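Student: Could we look at a structure together and talk through the words used to describe it?
Tutor: Gladly, let's begin.

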Amino acid sequence: MAAEHFGSPAAPVRASIGGYPIGTWLAGLRAQAEVPEGEKGALEPARRAALEAIAPGWAPTWPIAWQRTYAAARAWWLESNGRVDWAQLLAQTVLEGEQLGRRVAAQRAGFDGLVEERQEVLAVLGVERDPVLAAQAAARTWRAAKAWPQVSQADRFRPGRLRAGPVRRPGRAREAAM
């Protein structure tokens with residue numbers, strides 16, 4: 001499992017080893033880890049400590065898909081002896097099925113919006129904010145917001161406004177044929 005997922009326990013739910021559904025097992029453990037300690041269904045503290053000893057960060061606070069991509073970026077970085085120019089990484093770059101180029105570019109574009117812990121782990125790999133990508137992302141967001149008019153529910157039914165549902169015109173009713 002770890003070798004297939006860059007030394008990370010961030011295996012997808014569908015992952016299996018020797019027929020054992022390791023991905024499902026890990027997803028269940030992560031779900032238990034989210035339950036507050038002492039409540040029904042919570043992961044036992046001893047088991048949590050054992051899992052942390054084996055693989056620190058096995059249950060990150062962010063989505064596991066993000067963790068899987070981070071593990072791929074870290075593997076790329078390690079294979080390159082820490083000398084990766086992330087700005088030169090093509091968006092089409094795929095590493096072991098992970099859309100590495102596209103996702104790294106997205107992190108560099110939205111770096112300021114990431115929680116501090118994510119910024120720190122990315123900074124260790126040299127992934128930093130890209131002002132050009134950030135400006136392009138902001139422009140896309142602005143254009144998308146401007147493209148769809150913001151109309152309230154009440155305004156949708158005013159004459160000359162967008163309407164919800166079929167338009168009914170007076171005098172156009174037809175009787176059913178017998």
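Tutor: Helices here are DSSP runs of at least four residues, numbered from the N terminus. Keep in mind that this is a predicted model.

Student: Where is Glu98 found?

Tutor: Glu98 sits in the loop between α3 (64-79) and α4 (100-109).

Student: Why is Glu98 called buried?

Tutor: Buried means under 20% relative accessible area. Glu98 has a relative accessible area of 12%, so Glu98 is buried.

Student: What makes the pair Glu98 and Thr69 a polar contact?

Tutor: The cut-off for a pair of N or O atoms is within 3.5 Å. The side chains of Glu98 and Thr69 are joined at 3.4 Å, so the distance meets that cut-off.

Student: Why is Ala135 called partly exposed?

Tutor: Partly exposed lies between the buried limit, under 20%, and the exposed limit, over 50%. Ala135 has a relative accessible area of 48%, so Ala135 is partly exposed. Ala135 belongs to helix α6 (residues 131-147). Its C-alpha atom is separated by 7.7 Å from that of Ala109, 26 residues apart along the chain.

Student: Which residues lie nearest the centre of the second largest pocket?

Tutor: They are Arg30, Glu34, Ala59, Pro60 and Trp62, out of 14 lining residues. Helix α1 (residues 22-34) gives the largest share of this lining, four residues. The space in the second largest pocket is about 210 Å³.

How values were computed: Residues are numbered from 1 along each chain as its sequence is written. This is a predicted model: local features need pLDDT of at least 70, side-chain atom pairs count only at pLDDT 80 or more; totals for chains, interfaces and linings use all residues. Side-chain values use heavy atoms; hydrogens and water are left out. Helices (H or I, at least four residues) and strands (E, at least two) are DSSP runs, numbered from the N terminus. Buried means under 20% relative accessible area, exposed over 50%, partly exposed in between (1.4 Å probe, protein chains only). A polar contact is a pair of N or O atoms within 3.5 Å; within protein, one must be able to donate a hydrogen and the other to accept it, and residues adjacent in sequence count only if both atoms are side-chain atoms. On a 1 Å grid over the protein atoms alone, a cavity is a set of points where a 1.4 Å probe fits but cannot get out, and a pocket is an open set with protein on both sides within 12 Å along at least five of seven lines; lining residues have an atom within 4 Å of a point. Grid points are joined across faces, edges and corners, and a volume is the space filled by probe spheres set on the points.
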